[in-house]
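Subject: Structure handover

Hello,

Here is the structure I promised to pass on. Please open it alongside this email; my notes follow below.

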Amino acid sequence: MGGQTACALCACPVEATGVADEQGNQYCSAGCRAVGTTLDLVPRHESSEAEPQDTSAATQFLHVDGMHCHTCEQFLERIATEKDGVSGAEASYITETIRVEYDPDEITVETLCDSLSTVGYTAIPRESLSTVADDQKRRTDDRHMDDMIGFRYAAGILVGMFILMPYVLVFYPSQIPGFLDEMTLFESGPGPGEGIFLLPTFMGMASIVLFFTGLPVLRGAYVSLRMRQPNTDLLVTITIVSAYLYGTLAFLTGNVEVYYDLTIVIAATVVAAIYYESLVKQRAVDRLTELTVSEVTHAERDDGDGTTSEVPVEELEAGDRVLVTQGDRIPVDGVLENERCTVDEAVVTGESLPVRKQTGDELVGGSVVVEDRAVLAVGDPPTSSLEGLTNAVWDLQSASHGVQRRSDRLAGVVVPGLAVLAAVVALSTAVLDGSLLTGVFAGLATLLVACPWAVGLSTPLSVATSIEAGLRRGIIVFDETIFERLRETDTVVFDKTGTLTTGEMQLVDVDAPTDLLASVAALEKHAAHPASRVIADEFGVQTDGGTGAANTAAESPPHPQITAVRTHPTGIEGKDGERTLLVGNLGLFADQGWEVDSQIEQRAVAERKAGNLPVVVGADGAAEGIIVLGDSPRQEWEETISRLASRDIEIVVLTGDDGAAAARFESHDDVDHVFAGVSPAGKTEAIRRLRASGHVTMVGDGTNDGPALAGADLGISISSGTALAAEAADITILDDKISTVETAFDLGDAARHRLVQNTGLALGFNAIAIGLAVAGLLNPLFVMGAAILSGGMIAFNSSRSLL
């Protein structure tokens with residue numbers, strides 16, 4: 001192969017079956033060659049100068065609870081890189097992951113976690129979430145955090161209810177304009193002079209709500225100030241702190257025109273919205289299917305003295321012999337030492353059909369032994385392809401920075417202008433009035449009137465209602481920017497096996513004598529191949545005395561007695577009484593010298609080209625029929641692709657399965673490209689190249705799709721898939737329907753409209769308050785009324801059905 005040992009696309013080793021393009025570039029498969037020659041080459045690094053690699057540096061992935069925005073990413077990256085021994089850090093709030101490059105001789109993982117566990121964040125090693133127990137502990141901790149937010153919200157409500165009623169009775173009557181002063185309703189109300197003695201109580205209650213209930217908002221504002229990136233938390237903080245300071249200064253100067261009610265109501269309302277958002281997200285977590293974890297933690301090692309012992313996988317050394325029984329997962333990569341076995345490599349390669357292995361063949365860590373057993377010689381170094389895929393997912397996730405929220409971008413524009421406006425008003429008032437105190441009051445009043453705090457309420461309510469609408473339709477979403485990325489999608493890439501297809505072997509067709517099928521089914525019960533199980537279930541005698549789907553003829557033997565069973569690499573042989581049976585592929589029949597009719601042979605060849613699995617069945621030296629099995633396409637896959645294409649979205653099918661299995665998708669008019677036989681690394685590279693020309697959404701279900709899902713701008717996982725696929729994706733489809741992918745796009749459009757509506761309603765508070773100020777009617781009562789009106793309209797609009 002010209003001395004080249006690495007695939008030009010995915011860098012995998014090029015074996016004897018490798019292929020080359022017209023320029024002489026070597027590829028590990030025809031699929032990788034198709035990707036490499038069809039999609040333009042994209043440079044892997046932007047910089048022209050190669051940076052020297054620090055060989056002493058180690059990489060640590062940390063899971064960080066509490067990340068919720070773009071500012072959090074930058075804040076944690078700064079905290080990490082300020083530590084001695086840390087050379088780099090990349091965080092992603094979307095996946096709550098931070099990747100840290102560090103020198104183990106200067107700083108420990110424990111120190112890193114302690115450093116990043118600050119101001120409400122909690123960092124733990126990512127690998128500690130690999131076990132069910134640790135994951136359950138994390139989810140329990142998440143619930144405790146949610147419960148704490150709920151406690152803060154409850155405290156705000158209780159304090160508010162306790163204090164606002166007397167507050168209303170004491171202060172509001174004196175704040176009504178003169179044309180209402182003569183109304184009998186207020187003639188007996190307490191006057192301002194009496195109210196001033198209650199201000200210390202009101203101030204104390206407002207302090208509790210501000211600094212306890214409002215702590216999550218204050219923390220977000222602190223982080224945004226540290227990073228010099230204003231966000232919605234800062235907008236809310238400006239309003240509630242300004243109201244609190246205005247009231248405190250008023251109290252100290254003997255004035256009863258205070259805004260403590262505004263501090264209490266806004267802080268409690270916004271935290272309530274945050275709490276509601278956290279509850280909806282937790283419900284989304286609880287709805288996730290408990291998927292099978294593919295990682296193997298222990299292995300059965302041959303001790304060399306005729307005994308075996310169970311050892312942790314990390315203790316395996318190169319050359320160790322590991323025993324893997326039928327049905328178990330291979331712990332690490334290696335070479336098969338015994339005669340043969342059949343393995344299912346779909347979890348890593350995406351190939352839907354099991355693969356027969358012979359002595360000396362390579363076995364892939366993470367694949368499952370489905371027939372016979374495997375004696376594995378551990379490779380050097382002792383690593384698993386599955387572990388490599390997992391690390392690739394984490395690496396891509398940590399680099400997948402979240403986009404800045406639209407509302408945070410609004411805050412970034414508003415806050416500087418607001419600060420300048422308040423300063424100008426305060427200074428000019430102080431100069432004209434000759435009083436610094438009057439200027440301070442004017443500046444604080446400007447912040448109260450002009451700051452769009454209600455954006456901080458509309459954002460969590462919009463997010464929560466959008467997530468809840470998705471849940472009702474079987475769509476799990478955790479981050480609001482996902483909706484924005486859905487709307488930006490230019491290309492949707494579909495995996496085939498388990499995504500566009502069911503991923504399960506099913507009966508497609510049968511053309512064989514009825515009296516033979518029951519015997520074939522009984523024989524197949526002695527085999528472990530997935531195809532054998534399907535045949536046995538379809539045509540075997542049922543335990544209730546009935547018969548299988550095709551075993552309906554009266555002359556069929558009710559309980560065939562199978563003897564002299566002999567397995568072959570490509571089939572199985574046995575006897576039913578005096579009749580000899582053979583079940584397998586065309587090659588097996590040729591090897592055994594059995595006669596095959598030309599029609600059966602042609603049908604078998606045609607079905608294999610169509611991507612199905614033809615199983616030839618015969619008796620006493622001749623083939624008598626064929627059973628066709630296949631990985632059937634999902635219902636509505638054609639309609640889904642057509643609807644997505646109508647949005648001017650390019651459709652690509654990317655699969656690790658062979659070209660024959662993917663041929664049916666090439667005939668669809670709206671499918672732009674089909675790349676078959678592509679390795680997991682090749683899939684990731686294909687996604688990278690597609691991203692160079694637009695935003696890419698990847699839809700997949702398998703472990704082998706994990707890096708591609710994480711590397712895409714947006715990943716969508718079908719719930720029937722593996723844990724790694726669900727972890728790598730941004731959206732999980734619960735109902736296992738391909739049509740729900742298109743529903744997710746509809747939800748993204750609806751979420752945008754709702755957010756725009758709520759933002760408009762949020763700015764309504766400022767329109768009302770500024771209008772009151774211009775009319776000379778600005779006072780705490782009307783400002784409170786404007787806040788209640790704006791917040792109520794946002795809540796009502798959010799409660800309406802999204803789709």
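Helix α8 covers residues 232–252 and helix α12 covers residues 406–433. Their axes come within 8 Å and cross at roughly 40 degrees. An angle under 35 degrees would count as roughly parallel. At roughly 40 degrees, α8 is therefore oblique to α12.

Which residues make this contact? From α8 they are Thr232, Leu234, Leu235 and Ile238. From α12 they are Ser407, Asp408, Ala411, Val414, Val415 and Leu418. By class, seven of the contact residues are nonpolar, two are polar and one is charged.

Helix α14 (residues 455–472) and helix α27 (residues 780–799) have axes that come within 10 Å. The crossing angle is roughly 10 degrees, so α14 is roughly parallel to α27. On the α14 side, the contact uses Leu457, Ser458, Leu461, Ser462 and Thr465. On the α27 side, it uses Gly791, Ile794, Ala795 and Ser798. This contact has four nonpolar residues, five polar ones and no charged ones.

Next, a sheet. Three strands form it, in the order β12-β11-β14. The sheet is open, and its pairing is antiparallel. Which strands sit at the edges? They are β12 (355–358) and β14 (368–371), and each pairs on one side only. From one strand to the next, the twist averages 45 degrees. Strand β11 spans residues 340–344 and pairs with β14 over three bridges. To find this pairing, go to Thr342: its bridge partner in β14 is Glu371.

Last, confidence. The mean pLDDT of the protein chain is 80. Of its residues, 80% reach 70 or more. Where is confidence highest, and where is it lowest? Strand β17 (residues 489–494) is highest, at 95. Helix α5 (residues 192–195) is lowest, at a mean of 50.

Two stretches need a note. Residues 178–193 have pLDDT below 50. Beyond near neighbours in sequence, that stretch has eight contacts in the model. Residues 289–294 also have pLDDT below 50. Their stretch has 16 contacts in the model beyond near neighbours in sequence. Where pLDDT is low, the predicted coordinates should not be read in detail.

Best wishes

Notes. Residues are numbered from 1 along each chain as its sequence is written. This is a predicted model: local features need pLDDT of at least 70, side-chain atom pairs count only at pLDDT 80 or more; totals for chains, interfaces and linings use all residues. Side-chain values use heavy atoms; hydrogens and water are left out. Axes are lines fitted to C-alpha atoms, for helices over the stretch in contact, and angles run from 0 to 180 degrees between N-to-C directions. Helices (H or I, at least four residues) and strands (E, at least two) are DSSP runs, numbered from the N terminus. Angles under 35 degrees count as roughly parallel, over 145 as roughly antiparallel, 65 to 115 as roughly perpendicular and the rest as oblique. Contact means heavy atoms within 4.5 Å. Ala, Val, Leu, Ile, Met, Phe, Trp, Tyr, Cys and Pro count as nonpolar, Asp, Glu, Lys and Arg as charged, and the others, Gly among them, as polar. Two strands pair if DSSP finds at least two bridges between them. pLDDT is the predictor's confidence in each residue, from 0 to 100.
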